[in-house]
Amino acid sequence: MPILSVKDLQVTFDVRSAGSWPWTPPRKLHAVGGLSFDLEPGQTVGLVGESGSGKSTVARALVGTVPASGGQILFEGQDLAAMSPQERRRHRKDVQMVFQDPLAALNPRMTVGDIVAEPLVTHHPETSRAEVKKRVGDIMERVGLLPNLVNRYPHEFSGGQCQRIGIARALVMKPKLLICDEPVSALDVSVQAQVVNLLRDLQRDMGLSMIFIAHDLSVVKHISDRIVVMYLGRIMESGPAREVTLRPRHPYTQALISSVPIPDPVLEKARPRPILEGELPSPLSPPSGCVFRTRCPKAKPDCAEPKDRIQREGEVQVACPYQEVKDALAV
Amino acid sequence: MKLASGDAKLLDETAQLASIRGRSLWADARGRFLRNRAALLGLIVLVLVAIFALFGGYFAKYEPDYVDFSLMGANAYRGVPSFESGHYFGVDFDGRDLFARTVQGTGISMLVGVVGALVAVVVGTLYGATAGYIGGRVDNIMMRTVDILMSIPFMFVLILMLVIFGRSMFMLFLGIGLISWLDMSRIARGQTLSIKNKEFVEAAVATGVRPFTIILRHVVPNLLGIVIVYSTLLVPQMIIFESFISYLGLGIQEPQTSLGALINQGAEQMNNGTLWMLAFPLFFFLVTLFAFFFVGDGLRDALDPKDR
């Protein structure tokens with residue numbers, strides 16, 4: 001049984017145009033429109049897509065800082081989306097999140113020790129000070145920080161260290177599910193590798209299930225078991241990580257993969273590049289039918305028709321009837 | 001053996017490492033503030049004025065409400081400031097010792113200023129932070145209430161209150177407390193709006209921290225810098241406000257006095273050759289205000305987020 005099962009998740013935001021009357025109904029922005037995927041215990045699902053594709057909104061809906069406007073978030077069989085705020089609060093310790101901007105995610109007025117201890121003190125206020133100190137020290141050591149840094153403040157640390165503090169805070173309650181919202185995109189490449197490897201080690205040791213969000217496919221394929229490719233709040237392609245990265249089917253996935261540089265000048269020069277033109281359309285007025293058709297190199301007239309386009313092939317799902325398998329190196 | 005001593009040294013070093021203290025943003029700000037000469041001078045002057053107000057009474061030869069009838073009508077030449085007579089600052093129109101009265105007036109004026117600022121800080125910050133953090137309709141209702149309260153000309157309301165319910169310290173504090181927090185709540189709300197979208201607040205929400213705890217633990221400490229600056233600038237505003245009320249003759253009641261009341265009485269005698277009645281209270285009034293403004297300026301520079 002999957003630990004997390006997302007079914008037809010919808011997230012909409014109300015957008016008020018400037019200068020409108022208070023009683024005019026706001027326009028709906030569909031940030032996430034009908035997202036479904038499963039996460040097996042101990043595995044990692046990678047969410048990829050360019051900026052504005054709704055990845056972070058999915059993370060926020062899963063962790064509960066943004067309300068889901070439709071669909072189900074089944075965590076161990078219980079629907080998180082349907083819970084009252086009080087009920088939900090009790091489940092929060094099982095689902096924790098690592099944030100994109102390491103420094104902004106830490107309160108500048110609190111010491112590192114207080115930051116890491118906050119989930120512990122919140123969910124178990126009866127814990128003795130010595131016990132809190134011990135567990136904070138343990139987890140800080142586990143993420144590769146010296147425990148004697150507890151009295152320091154976030155601005156005294158580097159980006160990579162701040163991200164380790166963020167990970168320590170997320171893991172101090174020993175959650176079952178960890179949501180990483182672009183945890184490495186604000187770090188430089190050498191530190192990225194350290195943090196990704198740390199996350200993999202922690203996942204193995206603590207039996208974590210993970211959702212890993214990134215706009216960089218090369219990072220995601222390194223850590224994920226399954227990959228979900230998103231565009232404008234919808235799934236374009238999903239499947240096992242190797243299948244999606246090595247044999248992309250959807251034109252959007254192919255374009256994403258072609259944008260990852262190959263660290264070999266000869267191969268890099270030789271391969272053709274289908275470059276995506278234009279900008280992401282506004283989610284306030286998404287294109288009819290297939291949302292990707294305005295930028296798709298293979299768009300046909302009937303792509304504008306609203307219909308179910310999902311094609312299943314083994315474990316892979318592709319939302320395009322004109323999909324064809326391409327080798328990752330040849331796209 | 002050598003190895004063992006090396007190990008011992010390493011252990012020593014590790015033990016020293018065990019107690020690394022961080023430099024908080026507050027400590028940084030304190031350092032910047034203490035390097036600012038004008039602000040430091042302002043703080044020293046404030047401390048001196050506070051000492052004067054608290055302990056000056058012990059040096060006075062007369063009680064503030066003791067009337068020396070022998071001086072009546074002879075103030076201009078027999079009530080002049082002098083050390084021999086014990087009237088260091090001279091006497092006021094009624095023949096009372098001006099030194100003792102200035103001590104009392106300074107104390108009451110500072111009390112009014114500090115109480116007003118304190119009410120502003122506690123009520124205004126919590127009110128504004130709550131409105132800003134909850135947002136939506138609650139925010140609208142709370143802030144429109146503030147708008148309505150602000151649109152009432154409070155000086156008239158306060159004067160009416162003092163006339164109807166009688167002039168008393170309590171009424172004055174009530175009146176000052178009623179208006180002082182309005183501006184503060186707006187400032188706190190504005191800051192909260194930007195703080196609540198920071199990721200560390202989201203992290204706290206995701207952790208499951210209760211909204212009120214988030215306001216107290218994550219929002220308020222981060223807007224305190226601006227609140228402190230504003231409140232040090234609010235204290236002199238409150239003192240001026242009280243002085244104005246007292247100047248109109250509605251504030252502090254006799255035999256109690258405040259700097260505003262003393263200045264008022266001194267100004268009435270300006271043409272009678274007894275300028276000291278105006279000069280001494282005015283000196284303390286101005287020095288206190290300037291000191292507060294310098295301290296406020298220094299705090300603003302020290303806590304300025306752009307400096308971080």
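**View 1. Strands β1 and β4 of chain A run antiparallel.** In this predicted model, 5 bridges join β1 (residues 4-15) to β4 (residues 70-75) of chain A. Strands are DSSP runs of E with at least two residues, helices are runs of H or I with at least four residues, and both are numbered from the N terminus. Two strands count as paired if DSSP finds at least two bridges between them. A:Q10 stands opposite A:G70 in β4(A). Strands of a sheet pair through backbone hydrogen bonds, either parallel or antiparallel. Residues are numbered from 1 along each chain as its sequence is written, and chains are lettered from A and ligands numbered from 1 in the order in which they are written.

**View 2. An open sheet of 4 strands in chain A.** The order is β2-β1-β4-β5, with antiparallel pairing. Which strands stand at the edges? They are β2 (27-39) and β5 (78-79) of chain A. Each has a single partner strand, so one side of each is left without a neighbour in the sheet. Helix α1(A) packs on this sheet and touches β1, β2 and β4 of chain A. Touching means contact, with heavy atoms within 4.5 Å. The direction of α1(A) makes about 110 degrees with that of β1(A). Axes are lines fitted to C-alpha atoms, for helices over the stretch in contact, and angles run from 0 to 180 degrees between N-to-C directions.

**View 3. An open sheet of 8 strands in chain A.** Here the order is β6-β7-β8-β3-β9-β10-β12-β11, and the pairing is mixed. The edge strands are β6 (95-98) and β11 (311-313) of chain A, and each pairs on one side only. Neighbouring strands are turned by 20 degrees against each other on average, direction ignored. β6(A) and β7 (residues 177-181) of chain A pair in the parallel sense over 4 bridges. A:M97 has A:I179 as its bridge partner in β7(A).

**View 4. A salt bridge links A:R60 and B:E202.** A salt bridge is a side-chain nitrogen of Lys or Arg within 4 Å of a carboxyl oxygen of Asp or Glu. The closest N and O atoms of this pair are 2.8 Å apart. A:R60 lies in helix α1 of chain A and B:E202 in helix α9 of chain B, so the pair joins two chains. Between chain B and chain A the count is 2 salt bridges.

**View 5. Chain B touches chain A.** The contact takes 27 residues from chain B and 29 residues from chain A. How much area is buried between the chains? The value is about 2,700 Å², of which carbon and sulfur atoms give 51%. Buried area is the accessible area (1.4 Å probe) that two parts lose on being put together, summed over both.

Conventions:
This is a predicted model: local features need pLDDT of at least 70, side-chain atom pairs count only at pLDDT 80 or more; totals for chains, interfaces and linings use all residues. Side-chain values use heavy atoms; hydrogens and water are left out.
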